[in-house]
Amino acid sequence: MLEGQIPIEDYESGNTKNKWNLNKIKLEHKTISEYNYIKKDIQKGYANRTLYINLNEGIIKEKKVTEDMKKLFTGGRGFGLKLLWDSIKSNTRWNSNENELIITTGPLCGTTQYPGSGKSLCLTISPSTDIICDSNVGGFFGPYLKFAGFDAVEIQGKAKEDVIIIIDGEKGKISIETAPLEETNSHMISQQLTQMYSSEDDDKSRQKISIVSAGMGAENSYWGCLNFSFYDIRRKIPRLKQAGRGGLGTVLRDKKIKAILTKVEKFDGVSNNPADSVTLAKVGTKLHREIRDLDRYQCNMRAVGTVHLVEIMDEYDLLPTENYRFGSFPKASKLYSQNFYKLFTKIIPDGCWHGCTMACAKTVDHFTVMTGPYKGEKVTVDGPEYETVGCGSNMSIWDPLWVLEFNFYCDTYGLDTISTGTSIAFYMEMYEYGILNKKRCDGIELCFGNAEAVLEVIHRIASGDKGEFISIASKGIRRVKDWLIKNNWGDIGIIEDCGMESKGLEYSEYVTKESLAMQGGYGLTLKGPQHDEAWLIFMDMVNNSIPTFKDKAEALHYFPMWRTWFGLNGLCKLPWNDVEPSNNPKTDDPSKVPEHVQNYVDYQNAVTGWNVDKEELILQSERCYNWQRAMNVWLGRGSRKDDWIPYRSMGPVTVMEYISRRERYDKYLNEKIGISEGKIEKMKIEEKIKIIYDYRQDQYQKLSDAVYYRRGWTPNGVPTPNKMKKLGFTDPKMLKILKDKIITDEKAGLNIWGGKYNNKEKNPNDGIKYW
Amino acid sequence: MTIEVNGRKIDWIENESVTKLLKRMKYTFPLVVVKINDKIVLRSDFKIKVIPDNSNIDVIHMISGG
């Protein structure tokens, strides 16, 4: 035990204890389907098979993982893309019978020697975007799924009544059982099933179970997240991590799955059967020491988790407040990390998978719930993380205890905090302008800062409220925009510009107005505006180190490819750059953290026995990244029009926003656009806003041009067959889809660059048709 | 009497240390690398290293975030 750590037997969480008649609940289960399989050891990180379940017909079967599949798709998210491609159609939508929910692992997933190695990658066709959404998540499920015998599980079809799926790695048995009496909300059902299915009545047995669930909010909205449990032997409860983005939980509940449970017989540091366990231990130990020695002087993740970012974002004018109108706020200090540090339970290791010394999964124990169905109960709140706190500031709610309440309910209801918070912030701004009002909001006064109103919206969604506003609001910003426009309740420009969604997915919590590269980091993405592809604000806005379109395009090539790699392998990205070696500043390219990149080369080779270099890691990602874009094209999206972003992410929409940063924007008009100070002095604010609006829209199109060119895509953003062949793809169906799309675009005049180039400027390829 | 910080000109202040410059620029992010005329300044020297006039300063914020 580490110094200062609390012994297991001495800790009491103080949470309310739930008592259920679990025998009675279990007796109501009816087995729909069963399948026995032969247990096998993992070989160099791979189980070498995936699990297919069809809920319509009760089919359960194994699929072989081929060497070709490993070569082209590596694992994790890559395997998910391959399985989806083989199973869905171009017109498949989120609630189509053939849509799949896929949970994948990755060859490095489940390693205990290297921090951040317990991630699962989940994929489906998203209700928000109609394209593939991928979302990563911690917790024990991914590693246990692999150690139970499978690199991925894909679930197709829909059950007729509520079911649970049990993947029992102890017995080598899969079963689908009806589950009529279990709770739906995640903090309850994960406790029930953990107790019900543990082999012995002790914590060690309970620790060998992990559960995926989504609550009542997921059932009644497009914001459904998946909760992945990990049993905490000190708190004696299953805690929860979320695959938040894109409505994965909505798809889970649409399939009438209450939970998926996996259970292992045993696992240890060599369960992955690595090719070279000595190197693996050496690389891991080096990073463990680095985190131990340096984290407290760097990001302080071990003490406060990602919440350390709140004060930094506020200082740099990047913390979204009042629906991204501003990037800092006088009251923001109320949400700084020190206020959450006071609430977090301390001196308990907080990793979401074994062996993660970064341990950023913070919790607040015995939190007294203030509203809703669990009012008065004492619960453990997992988090908050930065993004959830950012939702508080975005809705102008500055109370840390309220953030915990919001966090708790979003989690247990299975609601993605980001989509929920960003959407409600937009509704609040529309309320301020009179485009929404109390009547149109089903009697809720949804103005900025109204903390009670936000919770009422969430409770009403979870209860299945059929009011017109709740029904539409719960489907997210895009649907609300269409509803407001259809009813002619407000200016279309204001509605489109202020609602922070792209491709139908809500933005995560960063203000991007002054960073063109980060606008691309949100817009020129596969699934929509989530920061997991690229976070370039500091490189661009502060360091000024990627000034040209070409520089920005290079960053928007490298970083999305690099970050994609973590999802192919079952890893967390935080140990890559949220701690850095002390000699990192002296390296050639500190922003890439070269020593850690080399760690990952050594790590992948040590587990798989391959002999790859850092360039091959990028190639692994590039294959999957392009394949996913190509699939988006096949699904009817994945071109320039789909990479549109709302103007609020580029610049000031309203006069108030302009005035709040007047000096900055006046200087911009002078230095960037070349308007004289005298002329600026005489201009109306509205005129200035219009000039910056047009200029920045063009900048974004020029950035898109440069990025498409760098990625080897057409001017309309379509991966070319040549590019796909170079990456090793020979699938004739996919190559034909891309070729046909490019011909169609050519006829429609869409294969042209989007920026307006003057005589001194050149478009990216100077007119040569490489596509 | 100016210095350039991350490509942007600002006033030079006599006897200003790296720590004070970071404070003036509101650069509170902990993972920064500071270079004065392309030479790295050790973090342990931030308080004592004085910024010369006309110097070119890079304050490289590591990515982190997200």
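Predicted model: local features only at pLDDT ≥ 70, side-chain atom pairs only at ≥ 80, totals over all residues.
Let me begin with a salt bridge, the one in which the side chains of Asp350(A) and Lys362(A) meet at 3.3 Å, N to O. Both residues sit in the loop between α12 (337-343) and β14 (363-368) of chain A, so the pair ties together parts that are 12 residues apart in sequence. Asp350(A) is buried, and Lys362(A) is buried as well. This pair also belongs to a network, in which salt bridges with shared partners join Asp232(A), Arg235(A), Arg239(A), Asp350(A), Lys362(A), Asp365(A) and Asp382(A).

Two others deserve a moment. Asp134(A) and Lys527(A) meet through their side chains at 3.2 Å, N to O, and this pair links distant parts of the chain, with Asp134(A) in strand β6 (residues 132-137) and Lys527(A) in the loop between α20 and α21, 393 residues apart. Here, too, Asp134(A) and Lys527(A) are buried. The salt bridge between Glu67(A) and Lys70(A), at 3.0 Å, N to O, is a local one by contrast, because the two residues are three apart in helix α2 (residues 67-73) of chain A and hence separated by about one helical turn.

If we set aside neighbours within four places in sequence, the contacts of Met313(A) are Leu318(A), Leu319(A), Gly327(A), Tyr386(A), Tyr510(A), Trp535(A) and Phe538(A).

Helix α20 (residues 516-523) of chain A is mostly covered, with eight of its eight residues buried, and these buried residues pack against α21 (537-542), α22 and α29 (685-711) of chain A.

Finally, consider helix α15 (residues 417-432) and helix α18 (residues 477-486) of chain A, which pack at an angle of about 25° with their axes 10 Å apart. Since angles under 35 degrees count as roughly parallel, that makes α15(A) roughly parallel to α18(A). On the α15(A) side the contact is made by Thr422(A), Ser423(A), Phe426(A), Tyr427(A) and Met430(A), and on the α18(A) side by Ile477(A), Val480(A), Lys481(A) and Leu484(A). The residues of this contact divide into six nonpolar, two polar and one charged.

Methods: Residues numbered from 1 in each chain as written. Chains lettered and ligands numbered in written order. Heavy atoms only, no water. Axes fitted to C-alpha atoms, helices over the stretch in contact; angles between N-to-C directions. Helix = DSSP H or I, 4+ residues; strand = E, 2+ residues; numbered from the N terminus. Parallel < 35°, antiparallel > 145°, perpendicular 65-115°, else oblique. Contact = heavy atoms within 4.5 Å. Nonpolar A, V, L, I, M, F, W, Y, C, P; charged D, E, K, R; others polar. Buried < 20%, exposed > 50% of the residue type's maximum accessible area, 1.4 Å probe, protein only. Salt bridge = Lys/Arg side-chain N within 4 Å of Asp/Glu carboxyl O.
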